[in-house]
Amino acid sequence: MNPTQKPDPTPGALADLTPADILRCAARYLELRGWTQGVPYELAEQAAFPPACPLGAITAAIYGYPAAIDGHSDGIAATLRDITIGYLADFLRQDGYVPEPDVIRCADTQIVADWNDDPWRTVAQVIDILGATADEWDWTHATEDDLETYADACVWAEKHPTREGFLAWRAAQ
């Protein structure tokens, strides 16, 4: 590796992260660093951690720096990026935030970019959708052990288990 190249993150650092974790990190990135439309990063403002679109924020959350959206096509980080962006695109389609593509399936990155670049879109909406998508991942990918542990906690607290309760319990873990 050339000494001027940035190394990819250590795969072990990404091993325990889920798309939900990345989506929440991306939402926080947008809250702290700012949001853009039309470009992945607003590099003129701040080169180290510039304002970003959701795709840029997801990518920066995974790689630790504003990497190219479609770069780094192999490895654990690229796979996590592709799964996260794909899940976000599916969430946007299924919940009616974007129309279902007609004849030709659009790339997931294009679906997310088009949704983000809507002139009526706001940063609050983007952050809310990233959070809602993360919650949906946690709910649909909950392990049986997680659900049982949460149910046991509800019994001890004399509460009824709910989706919202599970998500709050999961967030507190």
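**Entry 1: a loop residue**

I started with Glu158, which is exposed at a relative accessible area of 75%. My cut-offs: buried is under 20% relative accessible area, exposed is over 50%, and partly exposed is in between (1.4 Å probe, protein chains only). Glu158 has a positive phi of about 55°, although it is not a glycine. I found Glu158 in the loop between helix 7 (144-157) and helix 8 (163-172).

**Entry 2: what I'm looking at**

I noted that this is a predicted model, where local features need pLDDT of at least 70 and side-chain atom pairs count only at pLDDT 80 or more, while totals for chains, interfaces and linings use all residues. Residues are numbered from 1 along each chain as its sequence is written, and side-chain values use heavy atoms, with hydrogens and water left out.

**Entry 3: the overall build**

How many helices and strands does the protein have? I got 8 helices and 0 strands, so the order from the N terminus reads α-α-α-α-α-α-α-α. Helices here are DSSP runs of H or I with at least four residues, strands are E runs of at least two, and the numbering starts at the N terminus.

Of the 173 residues, 35% count as buried. The protein exposes about 10100 Å², and carbon and sulfur atoms supply 55% of that. Those areas come from the Shrake-Rupley method with a 1.4 Å probe; for residues, only the protein chains shown count as cover.

I also looked at contacts (heavy atoms within 4.5 Å). Taking those with a separation of 6 or more, 52% are between residues 24 or more positions apart.

**Entry 4: the cores**

A nonpolar core is a set of buried Ala, Val, Leu, Ile, Met, Phe, Trp, Tyr and Cys residues joined through side-chain atoms within 4.5 Å. The largest one has 37 residues, and Leu30, Ile58, Ile62, Tyr63, Leu88, Val112 and Leu130 have the most contacts inside it. Two or more residues each come from helix 2 (19-33), helix 3 (54-63), helix 4 (76-94), helix 5 (108-116) and helix 6 (123-140). Which helix gives the most to this core? Helix 4 does, with 9 residues.

Apart from this core I found another, of 5 residues, among them Tyr150, Cys154, Phe166 and Trp169.

Leaving aside neighbours within four places in sequence, Val112 is in contact with Pro54, Leu55, Ile85, Leu88, Ala89 and Leu92.

**Entry 5: salt bridges**

Side chains of opposite charge can pair when their charged atoms come close. I counted 9 salt bridges (a side-chain nitrogen of Lys or Arg within 4 Å of a carboxyl oxygen of Asp or Glu).

One of them joins Arg24 and Asp135, with the closest N and O atoms 2.8 Å apart. Arg24 sits in helix 2 and Asp135 in helix 6, so this pair ties together parts that are 111 residues apart in sequence. Arg24 is partly exposed at 30% relative accessibility, and Asp135 is partly exposed at 26%. Arg24 and Asp135 also belong to a network of salt bridges with Asp138 and Arg170.

Next I checked Arg81 and Asp82, whose side chains meet in a salt bridge (3.1 Å, N to O). Is Arg81 buried or exposed? Arg81 is buried, at 4% relative accessible area, whereas Asp82 is partly exposed at 44%.

Last, I noted the salt bridge of Arg93 with Asp108, with closest N and O atoms 3.9 Å apart. This pair links distant parts of the chain, with Arg93 in helix 4 and Asp108 in helix 5, 15 residues apart. Arg93 is buried, at a relative accessible area of 10%.
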